Amino acid sequence: MLAVFDKAVAKGPEALKNLDTDSAQFSAPKDGSFIKYFNSVQPDSVSLNFGSSGFIAYSSHKKNPLLPRLFSVVDDIFCLFQGHIENIAPLKQQYGLTKTANEVSVVIEAYRTLRDRGPYPANHVVRDINGKFAFILYDNTSKSVFAAVQDADGTVPFFWGMDSDNSLVLSDDEVVVKKACGKSFAPFPKGCFFTSSGGLRSFEFPQKELKATPWVDSLGEVCGSIFMVDEHSRKETGMPRVGSASNWSTQF
């Protein structure tokens with residue numbers, strides 16, 4: 001799975017960038033050759049273009065049956081999901097979904113609840129989803145991105161980076177991200193979530209700040225940064241009261 005968003009839609013952290021900006025090979029949302037490259041390495045892929053905002057692409061090629069890739073769209077909300085949710089039955093009941101609903105349906109409904117009615121922080125909702133997974137959600141109405149990884153033992157691959165125009169690139173394929181971003185990429189931090197309005201945060205330790213550390217890839221090259229919880233930090237987590245008419249993306 002692959003998602004690319006213009007910096008006006010999703011601004012990645014500056015620490016994700018490597019000083020060697022010339023290593024980035026594409027301006028991913030504007031360069032049609034990048035999606036052609038993805039199609040060449042991921043046969044039978046399907047892509048959806050959101051104009052200047054970016055695009056998403058999905059393929060079932062080389063899909064791990066234990067960590068399946070799923071895709072769904074509901075009311076202009078697009079979601080790519082890989083992995084599995086262990087407590088899916090109670091979550092389906094909590095969100096009023098049918099018994100046949102799958103993991104990606106749960107993520108979309110959780111987001112819709114936060115956006116439209118959520119009186120509590122987003123980290124609570126993500127933390128309550130137990131399992132091993134990574135997801136990318138794009139709300140085309142509000143031009144908002146929501147992504148997260150829950151994977152304690154590192155079995156679900158998920159990477160992110162920034163291309164030559166500072167567009168945000170997310171994928172489960174390290175080679176694809178490196179192709180677009182050069183050295184300006186790293187693994188997406190486990191136990192964290194990213195939103196267009198709130199940036200990167202930890203849902204496991206919401207009262208802690210994240211600190212960036214340079215990441216070295218398997219070839220020994222210094223790339224972007226990985227983000228880890230700063231155990232000595234503490235931040236204010238005052239919770240705004242959100243009315244039903246309020247837009248979740250402006251509150252979190």
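Mentor: We'll go through the cores, a strand and a cavity in turn. Keep in mind that this is a predicted model, where local features need pLDDT of at least 70, side-chain atom pairs count only at pLDDT 80 or more, and totals for chains, interfaces and linings use all residues. Residues are numbered from 1 along each chain as its sequence is written, and side-chain values use heavy atoms, with hydrogens and water left out.

Trainee: Which residues touch the most other members of the largest nonpolar core?
Mentor: In soluble globular proteins, nonpolar side chains tend to be buried together. A nonpolar core here is a set of buried Ala, Val, Leu, Ile, Met, Phe, Trp, Tyr and Cys residues joined through side-chain atoms within 4.5 Å; buried means under 20% relative accessible area, with a 1.4 Å probe and protein chains only. The largest core has 47 residues, and Leu2, Phe5, Trp160, Leu170 and Phe188 touch the most other members. There's also a second, separate core of 26 residues, with Tyr95, Val106, Val125 and Val126 among them.

Trainee: What is Phe188 in contact with?
Mentor: Contact means heavy atoms within 4.5 Å. Leaving aside neighbours within four places in sequence, the partners of Phe188 include Ala147, Phe158, Trp160, Leu170 and Leu200.

Trainee: Which way do the residues of strand 1 point?
Mentor: Strands are DSSP runs of E, at least two residues long, and helices are runs of H or I, at least four, all numbered from the N terminus. From strand 1 (residues 2–5), Leu2 and Val4 point one way and Ala3 and Phe5 the other, and all are buried.

Trainee: How many bridges join strand 1 to strand 9?
Mentor: Two strands pair if DSSP finds at least two bridges between them. Four bridges join strand 1 to strand 9 (residues 168–171), running antiparallel, and Ala3 stands opposite Leu170. Strand 1 also pairs with strand 3 (residues 54–58), antiparallel over four bridges, with Leu2 opposite Ala57.

Trainee: What lines the largest cavity?
Mentor: Rolling a probe the size of a water molecule over the atoms shows where empty space is left. On a 1 Å grid over the protein atoms alone, a cavity is a set of points where a 1.4 Å probe fits but cannot get out, and lining residues have an atom within 4 Å of a point. The lining is Val107, Ala110, Tyr111, Val125, Val126, Ile129, Phe135 and Phe146. Helix 3 (103–117) and helix 4 (122–127) each supply at least two lining residues, and helix 3 gives the largest share, three.

Key: Buried < 20%, exposed > 50% of the residue type's maximum accessible area, 1.4 Å probe, protein only. 1 Å grid on protein atoms, 1.4 Å probe; cavity = no way out; pocket = protein on both sides within 12 Å on 5 of 7 lines; lining within 4 Å.
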